[in-house]
Amino acid sequence: MDLAPLGLSLRVAALATALGIGVGVPLAWVLARKSFPGRDVISVLIVLPMVLPPTVLGYALLVFLGRQGPVDPVIQALFGEGLVFTPAAAVVAAFVAATPFLVRAAQGGFEQLDVAYEEAARTLGRREFAIFLTVTAPLAWRGIAAGIALCFARAIGEFGATLMLAGNIPGRTQTASIAIYDAVQAGRLEQATSMALALGAIAGAALLLLARVGRGARW
Amino acid sequence: MIVDVAVERTLGSFHLNVAFAAPAGITALFGPSGSGKTLTLRCIAGLLAPARGRVALGQRVLFDSSSGTDLATRDRRIGYVFQHYALFPHLSAAANIGYGLHALSTRDRAAREKELLEMVGLADLADRRPHELSGGQQQRVALARSLAPRPDLVLLDEPFAAIDSFVRDRLREQLRAIQVRTQVPMILVTHDVADVRSLADSVVLYGHGVIEEVGPTNEVLARREVERQAYPA
């Protein structure tokens with residue numbers, strides 16, 4: 001079995017999840033704790049990628065980030081090349097498709113946490129960021145961990161948006177899910193089967209981890 | 001006067017409009033539940049912004065709507081004992097007490113934690129988590145935690161409501177002794193007249209979002225007694 005697509009999928013999913021944590025956890029906290037104009041609109045925008053067909057998501061990303069898109073000049077100036085059909089495009093597609101799962105789960109975790117803990121920390125003179133690290137995150141870790149597992153599992157299986165934004169370049173942007181599609185199309189069913197099993201095992205392991213977290217297992 | 005409070009705030013259909021001054025010692029905000037006592041505490045601590053008003057602690061103005069002053073909670077130097085204590089469940093009793101001592105060195109912090117644990121009589125329970133403590137022990141950890149950063153004022157929200165009645169008297173005595181020893185002014189919210197009688201130097205009597213009477217405890221309670229005899233319910 002050619003391990004390159006599987007390796008790429010793991011790297012893409014890991015990077016997308018890392019980005020998802022950096023963006024999604026603060027976003028989830030803001031949505032759980034603050035009320036501001038436009039909050040509902042942002043909530044809808046976050047859920048949309050979960051319900052839209054991945055092709056719509058991929059097409060939207062292509063329109064914004066592609067050669068004629070409004071963001072392309074910025075990407076060119078920063079990296080010297082366009083985003084489309086690069087491994088980075090696969091990361092972006094997986095990030096956009098998977099982060100909503102993290103935001104929803106983490107937001108639920110924060111909403112379940114009694115705000116009195118954070119208020120008590122404030123009366124004790126601590127700054128907001130320190131409070132987040134020492135009180136909020138440790139107490140809402142179950143929701144955050146569930147979100148990370150879901151995000152990774154979704155990211156590693158991303159197909160539609162990745163295909164549209166990153167394409168299908170063997171050895172460069174061909175992730176495992178796309179390689180499976182490719183193999184089936186070409187009648188290489190043995191290859192498709194082994195890769196599908198491997199992908200299923202990885203996503204299953206992530207979700208198993210999630211289930212243990214949900215039960216409160218402490219390793 | 002140590003604490004000057006004048007706050008106005010509407011929450012839903014409830015309107016809070018109170019003004020009082022609290023002297024040194026223990027002041028009780030006394031009245032039925034839903035009369036705005038806790039809201040007043042939250043305004044003093046900066047956890048809720050009044051629509052209008054002024055909160056001053058000695059010479060320090062913490063909030064003043066006319067000048068736009070609104071000090072962040074963390075800068076107010078006001079300890080707060082929450083109704084269900086809000087002890088951090090993932091930290092030991094000692095670490096809870098040390099949480100507000102982040103500016104101290106590790107050694108100074110440990111010494112201060114020990115000092116406070118001894119003051120509330122829990123020196124041998126330093127490593128226990130909150131869920132391994134009784135209600136009364138949790139309350140004392142919460143009190144020690146609020147006192148640790150040497151605040152200028154401590155607010156207590158129904159500190160005995162969740163305590164078994166047979167240990168309440170002992171805890172009241174202990175709180176009284178700690179107040180005398182530390183000389184930190186305290187404002188205590190309660191709907192139990194026994195708390196007022198045994199603890200409070202002065203009383204602020206709450207009606208529905210307004211204050212009905214302010215004064216030294218024995219005077220206010222005596223007048224209430226006279227009224228009750230003159231107009232029996």
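## Residue A:Leu207

A:Leu207 lies in helix α11 of chain A, which runs over residues 189–215; helices (H or I, at least four residues) and strands (E, at least two) are DSSP runs numbered from the N terminus. The model is predicted: local features need pLDDT of at least 70, side-chain atom pairs count only at pLDDT 80 or more, and totals for chains, interfaces and linings use all residues. Residues are numbered from 1 along each chain as its sequence is written, and chains are lettered from A and ligands numbered from 1 in the order in which they are written.

With 15 other C-beta atoms within 10 Å, A:Leu207 is partly exposed (buried means 20 or more other C-beta atoms within 10 Å, exposed 12 or fewer, partly exposed in between, with C-beta atoms placed from the backbone). Leaving aside residues up to four places away in sequence, A:Leu207 touches A:Ala149 and A:Ala153; contact requires C-beta atoms, placed from the backbone, within 7 Å. A:Leu48 is 159 residues from A:Leu207 along the chain, and their C-alpha atoms are separated by 23 Å.

## Helices α5(A) and α8(A)

Helix α5 (residues 87–112) and helix α8 (residues 141–156) of chain A pack at about 165 degrees with axes 7 Å apart. Axes are lines fitted to C-alpha atoms, for helices over the stretch in contact, and angles run from 0 to 180 degrees between N-to-C directions. The angle makes α5(A) roughly antiparallel to α8(A), a term for angles over 145 degrees.

The residues in contact include A:Ala98, A:Leu102 and A:Ala105 of α5(A), and A:Ile144, A:Gly147 and A:Cys151 of α8(A). By class, this contact has 14 nonpolar, five polar and two charged residues (Ala, Val, Leu, Ile, Met, Phe, Trp, Tyr, Cys and Pro count as nonpolar, Asp, Glu, Lys and Arg as charged, and the others, Gly among them, as polar).

## Contact between the chains

In the interface, 14 residues of chain A are in contact with 15 residues of chain B. On the chain A side, α6 (115–123) and α7 (128–139) are the elements giving two or more residues. The largest share, seven residues, comes from α6(A). That side has eight nonpolar, two polar and four charged residues.

## Chain B

Chain B has seven helices and eleven strands. Its C-alpha trace spans about 55 × 45 × 30 Å along the principal axes. Of its 233 residues, 43% count as buried. Among contacts in chain B with a separation of 6 or more, 66% join residues 24 or more positions apart.

How values were computed: Two residues are in contact if their C-beta atoms, placed from the backbone, lie within 7 Å. Angles under 35 degrees count as roughly parallel, over 145 as roughly antiparallel, 65 to 115 as roughly perpendicular and the rest as oblique.
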